[in-house]
Amino acid sequence: MKPLGRPLLLFVSMAIITVHFDTGLLASFTEKIPPAVAAMDTVLGVGLVSWLGHFGTLAFLAFLTVLLPILAYRQSLHEERLTQPRRRISKSAHVQRTVAKAPKAGLSPEDRKFASELLLGAAGAVQRSREMAAAYERPSLFVRLVPRVPIVSGVPVRSWLGGNPSLPAGTGWPLCEGQPAAFLAQIDCSSLPLGLWEGAGPRTGWLSFFFGVENDRLVAKVLHTLNLGRPVEPPSAVGFQFFLSHQTWETDVDWPIPKGTPQWPVDVVQVSRPEEDPWIWRYGTSDKDDNPRSIRYRTGASLNDPGLKPFDWTTTLLMLDTAAAHAQSHVKRSEKSLASVQKALDRVSANPERYGDLDAARARIKSHALGDDHRASVWKACELKVRALRARVAEDAVRLPFSEALLDDVIVELSTIELQRRDGEPAARAFRIERPPNSGLGYWLYNWESIAQSHAKYWYVSDPHILPPAWREKLEAQAAFDAQREMGIMCDVPYGYVHDFMIGREVTLLELPTSDLLNWKWGDVDNLVLTIQKSDLSRKDFSRVNLQVTN
């Protein structure tokens with residue numbers, strides 16, 4: 001194994017173990033947890049978690065992920081030097097000498113310093129994780145921001161996540177380096193219990209939370225306003241995105257529904273004891289058996305399902321946009337593969353000894369290129385047909401009322417678009433209206449399910465009755481599942497690990513998890529944490545709020 005092989009394998013293995021420890025990754029790929037994974041979880045639980053706690057164990061595994069590959073790399077270099085054959089060097093005077101094996105090199109002062117700093121840093125992280133975990137576990141009053149499911153029309157909304165804020169007239173939208181900050185949440189201060197943050201902070205008015213980037217760092221902007229005001233949109237488009245996108249293709253499709261976050265109302269729930277906490281979170285377990293998203297994947301889908309079939313012209317156009325984006329993604333993948341053909345031919349010419357029969361190697365590459373070119377052309381033809389169909393439907397939407405019969409005609413025409421095969425092979429349907437169970441990527445209908453669910457949230461939060469009952473039932477089932485696991489929190493100590501936090505001197509103003517419900521993602525599906533010094537909170541001074549992503 002070459003010097004980098006063993007360290008790379010070790011790094012990947014330790015990284016997988018570390019991610020699995022924190023997320024249950026390995027247990028999520030199968031219905032039944034493999035015995036080896038269960039044994040590893042038991043060893044970690046008994047050997048480390050009982051000693052260091054969850055955060056300490058996570059930091060320790062992260063430290064080993066860095067340290068062990070470094071040590072393995074140094075060992076590989078040493079072994080390689082030992083296995084190299086002795087070279088005989090002839091000089092003009094016919095003097096020969098044998099090159100002795102290199103002695104085992106000791107650590108240089110620089111390496112010693114690096115190893116020492118690495119060890120001290122890891123030890124400090126473990127100690128800090130234990131301190132934060134201990135501080136978090138001490139009983140203290142906090143609030144959960146619980147997304148409201150179902151949303152009931154006519155019920156006043158005073159706190160919410162996502163969407164846009166409501167600000168009094170004359171209140172400026174916060175800027176970051178001249179660009180509008182992204183809005184996160186607006187919380188009714190009168191709903192906060194008096195004992196939260198030991199009584200510090202406002203209990204009247206509203207706190208509006210924003211974030212952005214300044215000097216290549218995430219920063220928070222917080223407004224405290226006494227009046228609710230009217231809904232306000234940013235003065236211009238937010239110039240950066242930290243959102244989970246269910247429109248995953250780099251396409252030219254102009255989606256009829258905007259990206260961003262739906263404005264989801266939340267209830268501010270006081271929690272005095274752990275047993276009162278409405279948050280559902282089970283470490284090391286998989287929720288896929290209960291997750292409607294996973295159930296849909298396992299059971300398959302049909303476009304004739306009332307909870308998936310378009311119900312007006314807007315959703316019909318959205319369905320056709322999804323089909324066009326699916327075709328376009330195939331075209332771009334094939335074109336990207338075609339672009340690499342010349343590089344592959346150059347590699348064959350530069351390293352002929354690696355390929356044996358050069359003519360056969362070049363013929364294989366050119367055969368793949370012909371296949372890529374054919375796939376690009378047939379999917380491009382499909383894309384053009386879908387776009388033409390969409391243009392006709394858009395015209396019908398202007399002059400005709402929507403009807404089930406017209407929709408069925410559109411679905412039939414879409415489903416009959418064919419992929420022309422080479423060499424006389426029978427044509428295949430490009431857009432089937434049935435998705436088999438346990439099938440996802442590659443099926444346009446799987447993409448339509450995700451797009452439909454994602455965009456239905458925008459209609460739902462504006463007026464739940466816009467959706468037909470079958471769509472509303474499906475959306476509320478998924479939203480209820482996500483809401484129980486994606487609650488915000490306002491408390492004393494951040495739940496996730498953050499480096500810059502002074503226990504006892506700061507509090508968590510707001511912590512928001514990565515959320516499918518709100519379409520936002522922080523780091524590697526971590527939490528966004530806004531903290532503030534108690535002295536600033538007591539003065540209601542929000543000019544120095546610190547923003548971090550848990551890690």
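Student: How many cavities of 30 Å³ or more does a search of the whole structure find?

Tutor: Two cavities of that size turn up in this predicted model. On a 1 Å grid over the protein atoms alone, a cavity is a set of points where a 1.4 Å probe fits but cannot get out. Grid points are joined across faces, edges and corners, and the volume is the space filled by probe spheres set on the points.

Student: How much space lies in the largest cavity?

Tutor: About 70 Å³.

Student: And which residues line the largest cavity?

Tutor: The lining consists of Arg296, Gly307, Leu308, Glu449, Ala452, Gln453, Ala456, Trp471 and Lys474; a lining residue has an atom within 4 Å of a grid point. Helix H9 (444-462) and helix H10 (469-485) each supply at least two of the lining residues, and H9 gives the most, with four. Helices here are DSSP runs of H or I, at least four residues, and strands are E runs of at least two, numbered from the N terminus.

Student: How does that lining divide into nonpolar, polar and charged?

Tutor: Four nonpolar, two polar and three charged. Ala, Val, Leu, Ile, Met, Phe, Trp, Tyr, Cys and Pro count as nonpolar, Asp, Glu, Lys and Arg as charged, and the others, Gly among them, as polar.

Student: Switching to salt bridges. How many are found in the whole structure?

Tutor: The search gives 21, each being a side-chain nitrogen of Lys or Arg within 4 Å of a carboxyl oxygen of Asp or Glu.

Student: Which partner does Glu383 have?

Tutor: Lys380, with the closest N and O atoms 3.6 Å apart. Glu383 and Lys380 are three residues apart in helix H7 (residues 358-399), so about one helical turn separates them. Glu383 is buried, at 2% relative accessible area, whereas Lys380 is partly exposed at 37%. The cut-offs are under 20% for buried, over 50% for exposed and partly exposed in between, with a 1.4 Å probe and protein chains only.

Student: What about Glu413, which residue does it pair with?

Tutor: Glu413 pairs with Arg392, the closest N and O atoms being 2.2 Å apart. Glu413 is partly exposed at 34%, and Arg392 is partly exposed at 38%.

Student: And Asp536, who's its partner?

Tutor: Arg539, at 2.5 Å between the closest N and O atoms. Shared partners join Asp536, Arg539, Asp541 and Arg544 into one salt-bridge network. Asp536 is buried at 1% relative accessibility, while Arg539 is exposed at 51%.

Student: Now Thr508: buried or exposed?

Tutor: Buried, with 0% relative accessible area. Thr508 sits in strand S18 (residues 506-513). Leaving out residues up to four places away in sequence, Thr508 touches several residues, including Trp197, Met490, Val529 and Thr531; a contact means heavy atoms within 4.5 Å.

Student: What's the mean pLDDT of the protein?

Tutor: The mean is 82, and 80% of the residues reach 70 or more; pLDDT is the predictor's confidence in each residue, from 0 to 100. Over residues 84-104 the pLDDT is below 50, and that stretch has 15 contacts beyond near neighbours in sequence. Where pLDDT is low, the predicted coordinates should not be read in detail.

How values were computed:
Residues numbered from 1 in each chain as written. Heavy atoms only, no water. 1 Å grid on protein atoms, 1.4 Å probe; cavity = no way out; pocket = protein on both sides within 12 Å on 5 of 7 lines; lining within 4 Å.
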